[in-house]
Structures are given as structure tokens and as C-alpha cells.
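This report describes selected local features of a protein model. The sequence and structure come before the details.

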Amino acid sequence: MKAKLFMTMTAAMMILAGCSNDENEITDNWNGEIRLTSGVTAQTRSNTQATQIQEGETVYVWADKASPTTEYIRAWTLTAGSSNDFTGTSQYYPTDGSSLDFYALHGNFAPGAFTDTAFPTSAIVHSVESDQSNTNMKNYAKSDLLYAVKKGVTRSKDAVELTFYHMLSKVEVVLKSGNGTPDLTGAAVTIVGTQLKADFTPSKNADMTDQSDRAGMIAITESDNAAAPITIRTVTTTDFDSNTDYGEAVVLPEQTLNENSAFIQVELSNDAVFTYKIPAGETLTLESGKKYTYKITVNQTGLTVTSKIENWTEVAKEGDAEME
């Protein structure tokens with residue numbers, strides 16, 4: 001009896017140990033769901049929508065089976081999260097093992113522009129907002145046209161990293177009080193002389209690393225598109241060299257401002273208005289994917305301006321994310 005009891009207890013302990021091991025195993029019950037992450041331009045200083053799409057912004061995604069090319073996902077509407085992730089309805093890889101080509105788009109389009117629609121093969125109108133001064137930068141984020149292409153993605157539980165490129169131009173402005181120490185409290189900064197609407201024709205075959213390919217997808221809308229001012233957040237500093245914060249505006253590329261054209265206006269609280277114009281003998285052509293930085297000293301009698309033009313450099317951000 002003792003031997004039988006010992007064997008029974010041993011068997012029970014083995015069963016319990018087996019159950020315990022099963023319960024402690026980490027399993028990934030992946031069911032073929034497509035997981036996406038996003039990455040956008042990285043910058044040397046912190047600013048809006050610099051390394052990820054701002055939380056709450058809408059992104060549209062299309063996907064084709066790669067070979068032969070066959071439409072697979074139409075206008076998948078997603079919302080950007082706080083950690084390079086997205087939320088939205090779930091989509092799944094094809095069960096036949098086909099690779100997928102992804103095309104993703106963020107912009108300021110007409111309401112309902114993409115509702116279960118095929119990939120746009122003709123121009124769609126994107127607008128930049130005339131007031132980009134709000135402190136939460138929502139209008140700036142809306143104005144930022146972003147596009148990503150990712151081809152040959154095989155079925156995997158790993159997140160697909162979509163690298164978004166800034167398709168438009170960016171202007172940054174910071175003010176400093178100069179000669180005569182004018183008071184900059186309540187000063188307003190405005191970008192002038194640029195239009196607000198562009199025609200964007202996304203290409204599935206563009207080399208997104210090629211600036212000329214990106215620029216070729218954008219053209220200024222010809223009708224009902226007069227130049228209009230863009231108000232931006234006012235940022236001041238006492239030291240340009242140590243400053244890391246700027247007022248920002250997304251503006252349309254493919255525009256040229258000729259010499260003596262007004263470009264940046266600074267209005268003080270005492271109603272004095274100072275205007276930076278394109279210097280004599282020069283022109284300014286705004287280019288896709290370029291950043292234009294202006295350090296402006298406001299003197300009692302006018303402005304002193306230094307400027308710099310830089311690229312926006314793309315980077316992919318990694319991390320897992322599931323559609324919810």
C-alpha cells in the first residue's frame with residue numbers, strides 16, 4: 001500500500017508540475033494581423049512632429065499584393081498613438097503567402113476624401129493652415145504632408161516600420177530684442193507671400209530617398225489659391241547660440257519669392273510692424289523636405305536676420321504595435 005501511495009503522489013506531482021510549466025509559458029497567439037509602427041524626420045533639436053506623428057493625427061494606408069500587383073487594402077484609416085503606434089480596425093496578411101507593398105499618407109485633406117477608396121492616382125488637394133500659432137501645434141501637425149512607401153513586406157508578426165517623409169517645407173523663426181531694446185512681449189510673427197493649397201499626386205514608384213522624386217509629386221494648386229499669411233507661435237530668446245526653441249510653420253514648396261518680396265513680418269504690441277524681405281539680387285525657392293531657419297534681431301529701427309537652410313533627415317523608429 002505504501003508503494004502504491006508513493007507512486008500515486010509522484011504521478012500527481014508530475015502532473016501539477018506539467019500544468020505549472022504550461023501556465024508559465026509565454027505564447028504569442030498571432031493570427032496574421034498586420035502590425036505597423038511609424039517613424040518621421042529626426043532633428044538635432046526637439047520640435048513638433050520631429051520623430052513621430054503627433055498623437056491623434058489620421059493616417060491612411062493602402063496595400064497591394066506585390067507579385068503580381070493586386071489591390072489588397074483600400075484606404076485603411078488609422079489614428080497615430082503616443083509611441084509611434086496606431087489604432088484602428090485590424091487588417092491581416094494574405095493567407096496565400098503574398099508579400100505586401102504599403103503606401104501611407106498623412107495630410108490635411110477635405111473631409112471624407114478617403115472612405116474605402118482605391119489608392120489615389122490623380123491629384124488630391126492638401127492645405128496648410130493659416131493659423132499655426134496654437135500652443136498644442138494641432139494646426140501645424142495637420143498641415144504637415146507626410147508620405148511613406150514600404151515594399152516587399154513578408155508575412156510576419158514583427159511590426160512593419162513605415163518611414164514617413166516630410167513632403168513640404170518648414171520655416172522656423174526665433175526673435176531677440178536688439179538695439180533700443182524693443183519690448184517683444186505680445187509680438188506676433190507671420191509668414192507672408194505664400195499660397196496655402198497644393199496638388200499632391202502620390203506615386204507608388206517614387207524613390208523616397210530622392211528629393212527630386214518627392215518634389216515631383218507636388219504642384220501648387222492653380223485656382224482659388226491666392227497668397228495668404230500664416231501666423232506662427234512667437235518664440236523669443238536672449239541668446240541665439242543656446243536657443244533650442246523656434247516658432248514653426250509648414251509652408252508649401254515649389255514657390256519662388258523674388259527679391260524685395262515680403263516673407264516674414266513681426267508686429268509689436270505697440271503696433272510697430274517690421275518686415276523681412278528677400279534681399280536685393282536674391283530669390284528664395286522653397287523646396288520639398290527643406291527647413292528654413294531664421295534668427296531675427298528686432299531693433300528699434302528694423303530687423304537684422306541670419307538664416308540657414310537644412311534638410312529634414314528621415315529615420316525609422318522601432319517598436320511593436322497592434323491595431324486595436
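Ser 261 sits in the loop connecting β17 (255-257) with β18 (262-267); strands here are DSSP runs of E with at least two residues, numbered from the N terminus. The model is predicted, so local features need pLDDT of at least 70 and side-chain atom pairs count only at pLDDT 80 or more, while totals for chains, interfaces and linings use all residues. Residues are numbered from 1 along each chain as its sequence is written, and side-chain values use heavy atoms, with hydrogens and water left out.

Ser 261 counts as partly exposed because its relative accessibility is 23% (buried is under 20% relative accessible area, exposed over 50%, partly exposed in between, with a 1.4 Å probe and protein chains only). Apart from neighbours within four places in sequence, Ser 261 is in contact (heavy atoms within 4.5 Å) with Tyr 276, Lys 277 and Ile 278. A polar atom of the Ser 261 side chain lies 2.8 Å from the backbone oxygen of Asn 258. Val 192 is 69 residues away from Ser 261 along the chain, and their C-alpha atoms are separated by 9.1 Å.

Leaving out residues up to four places away in sequence, Tyr 294 touches Val 171, Val 173, Phe 263, Tyr 276 and Val 305, among others.

## Strand β21 and its partners

Strand β21 is largely enclosed by the rest of the structure, because eight of its nine residues are buried. Strand β11 (residues 169-177) runs parallel to β21 and is joined to it by eight bridges; strands count as paired if DSSP finds at least two bridges between them. Lys 176 has Thr 297 in β21 as its bridge partner.

Strand β22 (residues 303-311) runs antiparallel to β21, with nine bridges between them. A hairpin of four residues links β21 to β22. Thr 293 has Lys 308 in β22 as its bridge partner.

## A three-stranded sheet

An open sheet of three strands has the order β6-β13-β14, with antiparallel pairing. Its edges are β6 (124-127) and β14 (218-220), each with a single partner strand, so one side of each has no neighbour in the sheet.

Strand β13 (residues 197-200) is joined to β14 by three bridges. Asp 199 stands opposite Ala 219 in β14.

Terms used
A polar contact is a pair of N or O atoms within 3.5 Å; within protein, one must be able to donate a hydrogen and the other to accept it, and residues adjacent in sequence count only if both atoms are side-chain atoms.
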